[in-house]
Amino acid sequence: MDLESAQNNALAKLPLLNQEDDNSFKPVARTTTNADGTSTSTIPGAVTAEEKIQKKNDLKARSILMMTLPSEHLLTFNQYKDAKTLFEAIKARFGGNEATKKTQKTLLMQMYENFNASSSESFDSIFTRLQKIISQLAILGENISQEDLNFKFLRSLPFE
């Protein structure tokens, strides 16, 4: 008996599993408690492919939003289970109203105009600080030209 026929015999002896169709699962009843204290049981229908894709995309979006949050805010925002409500909560917490944005923009412009570097500061940290101010201004809709940025950076460098 050669190797190939031995492998074929071994494969022939493996038991075949019965295949079931995709809708053969038994749905579990979902119980929800109403505002008046009563509970309602519902049996969900079969999950469609579109619903699976939508749930997967929602989980991705929620994960991305959670990754963008500073560590100290993760527990606060973890209670939101879908991306839409999480995003609305983030906007409400960090977005502010028009008056807040205007004040923030004014403060950032003052920081930009008064930007200076000390002689003990490294070249990279000077650039990083200035870039952070520019990025925050861009988020608020205030764009500074590359030429102005270059001049500001060069003027802010220490004479040493």
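Contact, as used throughout this tour, means heavy atoms within 4.5 Å. With that criterion, among contacts in the protein chain between residues at least 6 apart in sequence, 37% join residues at least 24 apart. The model is predicted, so that local features need pLDDT of at least 70 and side-chain atom pairs count only at pLDDT 80 or more, while totals for chains, interfaces and linings use all residues. Residues are numbered from 1 along each chain as its sequence is written, and side-chain values use heavy atoms, with hydrogens and water left out.

**The whole chain**

Read from the N terminus, their order is α-β-β-α-α-α-α-α-α.

Now switch to a surface display. The accessible surface comes to about 13,300 Å², and 56% of this belongs to carbon and sulfur atoms; the areas come from the Shrake-Rupley method with a 1.4 Å probe, and for residues only the protein chains shown count as cover. Of the 160 residues, 14% count as buried. Buried means under 20% relative accessible area, exposed means over 50%, and partly exposed lies in between (1.4 Å probe, protein chains only).

**Helix α7**

Select residues 146-156, which form helix α7. Which residues of α7 are buried? They are L149, K152, F153 and S156. These residues lie on the same side of α7, because they cover an arc of only 100 degrees around the axis; the arc is that of the directions from the helix axis to the C-beta atoms. An α-helix has 3.6 residues a turn, so residues three or four places apart point the same way.

Then return to the buried residues of α7, which pack against α5 (98-113) and α6 (123-139).

Next, select S156 by itself. Its relative accessible area is 2%, and S156 is therefore buried. Apart from neighbours within four places in sequence, S156 is in contact with F115, N116, A117 and I126.

**The loop between α5 and α6**

Two of those partners deserve a selection of their own. F115 is found in the loop between α5 and α6 and is buried, with a relative accessible area of 5%. When neighbours within four places in sequence are set aside, F115 is in contact with I126, R129, L130, I133, K152 and S156. Draw a distance from F115 to K152: these residues are 37 apart along the chain, and their C-alpha atoms are separated by 7.9 Å.

A117 is also placed in the loop between α5 and α6, and at 14% relative accessibility A117 counts as buried. Not counting residues up to four places away in sequence, A117 touches I126, R129, S156 and P158.

**The nonpolar cores**

Select L108, Y112, F115, A117, I126, L130, I133, I134, L137, L149 and F153 together: these 11 residues make up the largest nonpolar core. Such a core is a set of buried Ala, Val, Leu, Ile, Met, Phe, Trp, Tyr and Cys residues joined through side-chain atoms within 4.5 Å. The elements that give two or more residues to this core are α5, α6 and α7, and α6 gives the most, with five residues. A second, separate core has eight residues, including L65, F77, L86 and A89.

Within α6, select L137. How accessible is L137? At 0% relative accessibility, L137 counts as buried. Beyond residues up to four places away in sequence, L137 touches K105, L108, M109, Y112, E142 and I144.

**The largest pocket**

For the last stop, select F94, G95, K101, Q104, L108, Q136, I139 and L140, which line the largest pocket. On a 1 Å grid over the protein atoms alone, a pocket is an open set of points where a 1.4 Å probe fits, with protein on both sides within 12 Å along at least five of seven lines; lining residues have an atom within 4 Å of a point. Its volume is about 290 Å³, taken as the space filled by probe spheres set on the points. Colour the lining by element: α4 (83-95), α5 and α6 each supply at least two residues, and α5 gives the most, with three.

Notes. Helices (H or I, at least four residues) and strands (E, at least two) are DSSP runs, numbered from the N terminus.
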